[in-house]
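Hello,

Here is the structure I promised to pass on. Please have a look at it first, and then read my notes below.

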Amino acid sequence: MRFKCVCKSWYALIKNPDDPDHDYHSITLISEENPQTFKGMTHLIGSVDGLFLMYGTIDGTISCTLWNPATREVRPLLLPLPESIIHAAPVLGFGFDPLTNDYKVVYFRFSIYHECEAAVYCCSRDSWRVLKPKESFPFYTNVKNTFGTAYLNGTYNWLLRGGHCCDYTILLFDFGSEMFEEIEGTNSNFLYTSVLGLMLIDDSIAILNYNRCCMLYYDIWVMIQPGVWNKIFTFECIGLIKSCYVSSLIFADKVSHLVSYNARTKKTRRLGFQHSRLGIGAQHGGCGVF
């Protein structure tokens, strides 16, 4: 990490030494970070190749920022939002397009007329392009939580809840084709809606679900193929789940220590970090973890 911070060429070489064609200059941002850079930035959308996408509200206006902590550069993004709906929370995704070697941000929402509005931002062009999703774009009432990043193999994924309380679907955006696609969710009979979110387990899309039978127990369902899901883990967790990495869940225990739990080996270890705000969700002013 220290060597990555020396300069951009070192960062690119260390990050991926076997890919000389990967255009790491495309992640060159604009300005150096300063104490005002992260003012109002309350949500981390995801991270790809060390780049972070954040958003928040500043003076009543929704703002987005790309941040590269290794080079300490930032790039503010102006969302393509009409003034009349600028107060509404956006649905965002962030990922890499392997076809063009470009980092992209995707945004969508339903208007008050139940019409889908979407746009994609390209880092290399520093511009947004308005998309026209097909008419069969799935209707949703809310977007469920994502533990960690939801970027996988050139796509970004969201877990949407439809009109019914147990009606769930996966929506993905392909950064190469710039198209949305709907994937059938799990059998609704197995889902408990109070604690539910999307995560990636060993490079597979998974759903974290609260176990109905045992208090403080969770189930993890992994998508084997579109529409086919398999429950692979049931585990106990006394604490607030914050993020996910490979096969490990990151959570805050009762005394606000950051703890890692490997769902496969069932081993727990403390990560050596404690903060009083870890026990509070990021959306309520607590700490987010990536």
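Are Tyr218 and Phe235 buried or exposed? Both Tyr218 and Phe235 are buried, where buried means under 20% relative accessible area, exposed over 50%, and partly exposed in between (1.4 Å probe, protein chains only).

Before you read on, please note that this is a predicted model, in which local features need pLDDT of at least 70, side-chain atom pairs count only at pLDDT 80 or more, and totals for chains, interfaces and linings use all residues. Residues are numbered from 1 along each chain as its sequence is written, and side-chain values use heavy atoms, with hydrogens and water left out.

Now to the aromatic rings. The structure holds 14 aromatic pairs. Rings of Phe, Tyr and Trp (its six-membered ring) pair if their centres lie within 6.5 Å; planes under 30 degrees apart count as stacked, over 60 as edge-to-face and the rest as tilted. One of the pairs is Trp158 with Phe180, which is tilted, at 6.4 Å centre to centre and 35 degrees between the planes. This pair links distant parts of the chain, with Trp158 in strand 13 (residues 155-161) and Phe180 in strand 15 (residues 179-184), 22 residues apart. Strands here (E, at least two residues) are DSSP runs, numbered from the N terminus. Trp158 counts as buried because its relative accessibility is 3%, and Phe180 counts as buried at 10%.

Why is the pair of Tyr218 and Phe235 stacked? The ring centres of Tyr218 and Phe235 are 5.7 Å apart and the planes are at 20 degrees, so the pair is stacked. Tyr218 sits in strand 18 (residues 217-225) and Phe235 in strand 19 (residues 228-236), so the pair ties together parts 17 residues apart in sequence.

Trp158 and Phe180 also belong to one aromatic cluster with Phe108, Tyr151, Tyr156, Phe173 and Phe175.

Next, the nonpolar cores: sets of buried Ala, Val, Leu, Ile, Met, Phe, Trp, Tyr and Cys residues joined through side-chain atoms within 4.5 Å. The largest has 51 residues, and Leu53, Leu92, Phe108, Trp158 and Phe180 have the most contacts inside it. Strand 7 (residues 102-110) gives this core its largest share, six residues. Apart from this core lies another, of 19 residues, including Met199 and Tyr261.

Leaving aside neighbours within four places in sequence, Phe108 has contacts (heavy atoms within 4.5 Å) that include Pro90, Phe137, Trp158 and Phe180.

Best wishes

Note on methods: Helix = DSSP H or I, 4+ residues; strand = E, 2+ residues; numbered from the N terminus. Contact = heavy atoms within 4.5 Å.
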